[in-house]
Amino acid sequence: MVDLKGQYLKIKERVDASILEVVESSAFINGPEVHAFQKELEDYLGVKHVIPCANGTDALQIAMMGLGLEPGDEVITADFTFAATVEVIALLRLTPVLVDVDPVNFNIDIEAIKNAITPKTKAIVPVHLFGMAADMDAIMDLAKEHNLYVIEDNAQGIGSDYTSRNGQKIKTGGIGDVGTTSFFPSKNLGCYGDGGAIFTNDDGLAHTIRGIVNHGMYKRYHHDVVGVNSRLDSIQATVLRAKLPHLDSYNSARRDAARKYSKAFSTHEKIITPTICDSCDCHVFHQYTLRVKDTDRDALAAHLNAQGIPCGVYYPIPLHSQKAYADERYNEEDFPVTNQLAKDVISLPMHTELDDDQIDFITQTLIDFVNK
């Protein structure tokens, strides 16, 4: 699904030298590489504050802690996403409110958000799923109207440009009150282990979060807030520094591959390709996820695997149907899109090293199966 080795070989000299420098310096935790990466990512995203942390799940949890959300507060998020988004809500004893998604872009449905808001609602967590920017203008309007926080889950969307209704382009993650991301190795900007970060333009919130990530300390052994131990180590930071200058080209390569996939599938009615905008900069294709109609999706996945083609199903079980998050408040009729997507979606290999021969083989193999 992701050719990390091929990507590494193109930046091997820089990565190897940088890792060796960290080892020789022995500044493994909170060293100069972490601070340099933080500043470079702030500049890239156009945000005032980046706070690195240990992983993307921690980033979401710490963001919610920093906002002062309390047990019982309701947090609205999408039913069709990875469990980490709702996991941290439950861990903090907040109340997750899952809603359906849009059938075209798979992101959180705006009308569903409106219908889910109650006096207990305190935050909305849009997920820029598969790398496609959510409708942030509409979400920010709702948040302003109801005095809600917006926490962007940007784990799959880093580098995506959201074009607001006034024509301004803003990097996803820097639009809401706070944004989060993951640097898991397979992400568009991934390290060689675990890593994450939190973004905000709010000085006070940034200060609070900086304490939370480091045991609640601003001064050694002075614990001013309840915190956690969640830090990005220097080796991962130096890998990310090597990759960050290439992020736009990585995303461009993913977009090119997505266009080629979609062109190959364009005349096949049983294959519904993902949304591609005219400029395509609102989608960075962390995954290339399509839908198949009148086709046994699981049999297709088995066939692709048998032909040596990796594929994935993101996500086969909606969150409202998961044992950990089941709740009598949820009715199946409230999730028609998510329930259908769980049966239809399949993701194809998507990375910076895909070539035309690989794409031709993948697309023809899939076409032959759905047309048989």
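1. Aromatic pairs. Rings of Phe, Tyr and Trp (its six-membered ring) count as a pair if their centres lie within 6.5 Å; planes under 30 degrees apart are called stacked, over 60 edge-to-face, and the rest tilted. By that rule, ring pairs link Phe80, Phe82, Phe106, Phe130, Tyr314 and Tyr315 into a cluster. A search of the whole structure turns up 13 aromatic pairs.

2. Before going on, some housekeeping. This is a predicted model, where local features need pLDDT of at least 70 and side-chain atom pairs count only at pLDDT 80 or more, while totals for chains, interfaces and linings use all residues. Residues are numbered from 1 along each chain as its sequence is written, and side-chain values use heavy atoms, with hydrogens and water left out.

3. Phe80 sits in the loop between β2 (74-78) and α5 (84-91) and Phe106 in the loop between β3 (95-99) and α6 (110-116), so the pair ties together parts that are 26 residues apart in sequence. The cut-offs: buried is under 20% relative accessible area, exposed is over 50%, and partly exposed is in between (1.4 Å probe, protein chains only).

4. A stacked pair. Tyr261 and Phe265 have ring centres 6.4 Å apart and planes at 5 degrees, which makes them stacked. They are four residues apart in helix α10 (residues 247-265), about one helical turn. An α-helix has 3.6 residues a turn, so residues three or four places apart point the same way. Both Tyr261 and Phe265 are buried.

5. Most residues other than glycine have a negative phi, and most peptide bonds are trans. Where is the cis peptide bond? Tyr314 and Tyr315 are joined by one, with omega of about 15 degrees; Tyr315 is in the loop between α11 and α12. Asn30, not a glycine, has a positive phi of about 55 degrees. Asn30 belongs to the loop between α2 and α3 (32-45) and is partly exposed at 47%. Arg93 also has a positive phi, near 60 degrees, and lies in the loop between α5 and β3; Arg93 is exposed, at 63%.

6. Salt bridges. Look for a side-chain nitrogen of Lys or Arg within 4 Å of a carboxyl oxygen of Asp or Glu; the structure holds 15 of these. Glu111 and Lys114 make one, with the closest N and O atoms 3.1 Å apart, and both lie in helix α6, three residues apart. Glu111 is partly exposed at 45%, and Lys114 is partly exposed at 40%. Asp141 and Arg165 make another, at 2.8 Å. That pair links distant parts of the chain: Asp141 is in helix α7 (residues 136-146) and Arg165 in the loop between β6 (161-163) and β7 (169-171), 24 residues apart. Asp141 is partly exposed at 38%, whereas Arg165 is exposed at 59%. Arg297 and Asp298 also meet in a salt bridge, 2.8 Å from N to O, and Arg297 counts as buried at 6%. Finally, salt bridges that share partners join Glu33, Glu40 and Arg241 into one network.

7. Thr181. This residue is in strand β8 (residues 178-182) and is buried, at 1% relative accessible area. What does Thr181 touch? Leaving out residues up to four places away in sequence, its contacts (heavy atoms within 4.5 Å) include Gly56, Ala59, Asn154, Ile158 and Phe199. The backbone oxygen of Asn154 lies 3.0 Å from a polar atom of the Thr181 side chain.

8. Helix α12 (residues 336-344). Which of its residues are buried? They are Val337, Thr338, Asn339, Leu341, Ala342 and Asp344. Their cover includes β13 (288-292), α11 (297-306) and β14 (345-348).

How values were computed. Helix = DSSP H or I, 4+ residues; strand = E, 2+ residues; numbered from the N terminus. Polar contact = N/O pair within 3.5 Å; in protein donor to acceptor, adjacent residues only side chain to side chain.
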